[in-house]
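Here's a quick briefing to keep open while you look around the model. Grab your viewer and follow along topic by topic.

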Amino acid sequence: MRAPVSLPRFRHFLGRALLAASGLSGAMVYAQSEADSMALMSDGVRESADIVIHNAQILTMNPEQPRATALAVRAGYLSAVGNDADVQAHIGPETQVLDVNGYVVIPGLIDAHLHGIRGGQTYLFETYWHDALSLQSGLLDLQRAAQARSPDQWVAVVGSWIPEQFAEKRGPTVADLDRFVPDHPAYVQSLYDYALVNRRGIEVLALDTPHPLVPTGITVERDAQGKATGKLLGGIGPFNALFAHISQGLNQEANLRAFFKDLNARGVTGFIDPSAGGPAAFEPLFSLHQQGALSVRVGYRLSPPPGGNETAWVQAHMAFRPSVHDDGYLAFLGLGESLIMGMNDGVRMAPGFVSSSTDQKEMRKALAYAAKRRIPVELHAYTDDSAASILDAIEEVAREHPIKDLRWSLAHLNTGSLATLRRMRDLGLAFSVQMGPYFEAPAILAANGPRVAAQTPPSKAAMAMGMRVAGGTDATRIGVAGVWQAIEYQVSGRSLGGHRTAPCGFVAHT
């Protein structure tokens, strides 16, 4: 029989693994030290495993042993990985033996860019359209959600759909919302482009009064008579603030628990939230952590609020905090995803983004502080122009401070060029790629033309250069939590509506 596989060989791919498709959805296996693993032996006699999984297709992600059919777990340690015979000796009278009938067992997946702290707190409240094949079916889902609520409660769809995915090839109208949800206020947001509310929503938000109940930055569209049409315009911040107002009063911890459980069921055992918001956004997460109730590992970054002088904010909030801290369940992972708001191009599709010299100076100042303190940073850049401006600041900082081992990265970069990737590579930056173009491909095409649209995002080009590429969903507004659609998109390049983009061709423009 093969000896138990040592921890160092397997820490990187099976430590804390989700035993997917095995009846253990949500269970995690925790890596221990080598000394702990030796303690599993008593008087030279192997102690029985707590769990044995066999008759499986185990994808180890270990090039030395890429596949196996069985594994054994004892006290959170993988004591054997191999064929069914290899684990037989680990079975004792108390061992839970699971025959998974040939199902695939994988290491737990980590979503490297998921707004799960914020999005998870409204998980049970929202209706999701990302898998709706027709507008009719999506509206019926919204109607069913309304039927389960009192008339004063909102129903909402908050992004992650496009008209091109529907058989009708159109989005909803206010009349549609009135027809399917006549007695409840209804809110439907189209990515971060616009939102619609029905007649009840217009009443609740007082849109036809001199003082509408909407946050600063939201524009109420009006008809020739000055009446609200039900269409609202805004941006990321204003729409997030509006939805926070609509969804207030929820049991945020219960929603977050349910969201994490759903992630577990999809094979996700960890995620990094690049920007969750202000202090209140973290309270439900910290509460679950204190209760020992986290079923996923959560990493998070801090983002300064907009308004200028962000460096002072960073210095004040980092003064008594290590650059990185990880207790195994909750990890502080530095700064992101917006460091200087004036350098953030939001969800801009078209070229032409320009930042001010004042913001560029503040970016250099903040990054210099982060470099000196050795703080990880992930920065948002949707367009190549935004990335170029950020890289100007990083290159200046790198001339004075070593940054290549700080795990700095740029996120999104949907229209990134080869020249930008080369600059990133030379600086030692990673590329954090998301599934935004899965939804945004039509908008990218309209704003940039077919050549650029066919080459977005430049994932394969970055990997071909030897860059570190991390994958994420960017859920829940412009992405699907659970990573599988993101993985499929990165492999196939097929977006909603049938558009084909760079992941199938893997060629970036110069």
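This is a predicted model: local features need pLDDT of at least 70, side-chain atom pairs count only at pLDDT 80 or more; totals for chains, interfaces and linings use all residues.

Residues are numbered from 1 along each chain as its sequence is written, and side-chain values use heavy atoms, with hydrogens and water left out.

- Thr415 sits in the loop between β21 (409-412) and α14 (418-427); helices (H or I, at least four residues) and strands (E, at least two) are DSSP runs, numbered from the N terminus.
- Thr415 counts as buried because its relative accessibility is 7%; buried means under 20% relative accessible area, exposed over 50%, and partly exposed in between (1.4 Å probe, protein chains only).
- Leu413 lies in the loop between β21 and α14 too, and has a positive phi of about 50° although it is not a glycine.
- With a relative accessible area of 0%, Leu413 is buried.
- β21 pairs with β22 in the parallel sense over 3 bridges; to count as a pair, two strands need at least two DSSP bridges between them.
- Leu410 has Phe431 as its bridge partner in β22.
- Strand β22 (residues 430-433) is covered on both faces, with Ala430 and Ser432 buried on one side and Phe431 and Val433 buried on the other.

- Val483, in the loop between β23 (469-471) and α18, has a positive phi near 70° and is a residue other than glycine.
- Val483 counts as buried, at 7% relative accessibility.
- Val491 belongs to helix α18 (residues 484-492) and counts as exposed because its relative accessibility is 62%.
- Trp484, Ile487 and Val491 make a nonpolar surface patch of about 300 Å².
- Patch members have over 30% relative accessible area and no salt bridge; like charges are joined within 9 Å, and nonpolar side chains (Val, Leu, Ile, Met, Phe, Trp, Tyr) within 5 Å.
- Areas come from the Shrake-Rupley method with a 1.4 Å probe, and for residues only the protein chains shown count as cover; a salt bridge is a side-chain nitrogen of Lys or Arg within 4 Å of a carboxyl oxygen of Asp or Glu.
- An α-helix has 3.6 residues a turn, so residues three or four places apart point the same way.
- The buried residues of α18 are Ala486, Tyr489, Gln490 and Ser492.
- Gly493 follows α18 and has a positive phi, near 70°.

- Strand β12 (residues 186-190) runs antiparallel to β13, pairing over 4 bridges, and Gln189 stands opposite Ala195 in β13.
- The two strands, β12 and β13, form a hairpin with 3 residues between them, and Leu191 in the turn has a positive phi of about 45°.
- Both faces of strand β13 (residues 194-197) are covered: Tyr194 and Leu196 are buried on one side, Ala195 and Val197 on the other.
- β13 also pairs with strand β15 (residues 228-233), antiparallel over 3 bridges, where Ala195 has Leu232 as its bridge partner.

**Two open sheets**

- Strand β6 (residues 70-74) pairs with β7 in the antiparallel sense over 5 bridges, and Val73 has Leu78 as its bridge partner in β7.
- The other open sheet has 5 strands in the order β10-β16-β17-β19-β18, again with mixed pairing.
- Its edge strands, β10 (109-111) and β18 (325-326), each pair on one side only.
- Strand β17 (residues 297-302) pairs parallel with strand β19 (residues 330-335) over 4 bridges, and Tyr300 has Phe332 as its bridge partner in β19.

**Cis peptide bonds**

- Gly336 and Glu337 are joined by a cis peptide bond with omega of about -15°, and Glu337 is in the loop between β19 and α12 (357-373).
- From Thr456 to Pro457 the peptide bond is cis, with omega near -10°.
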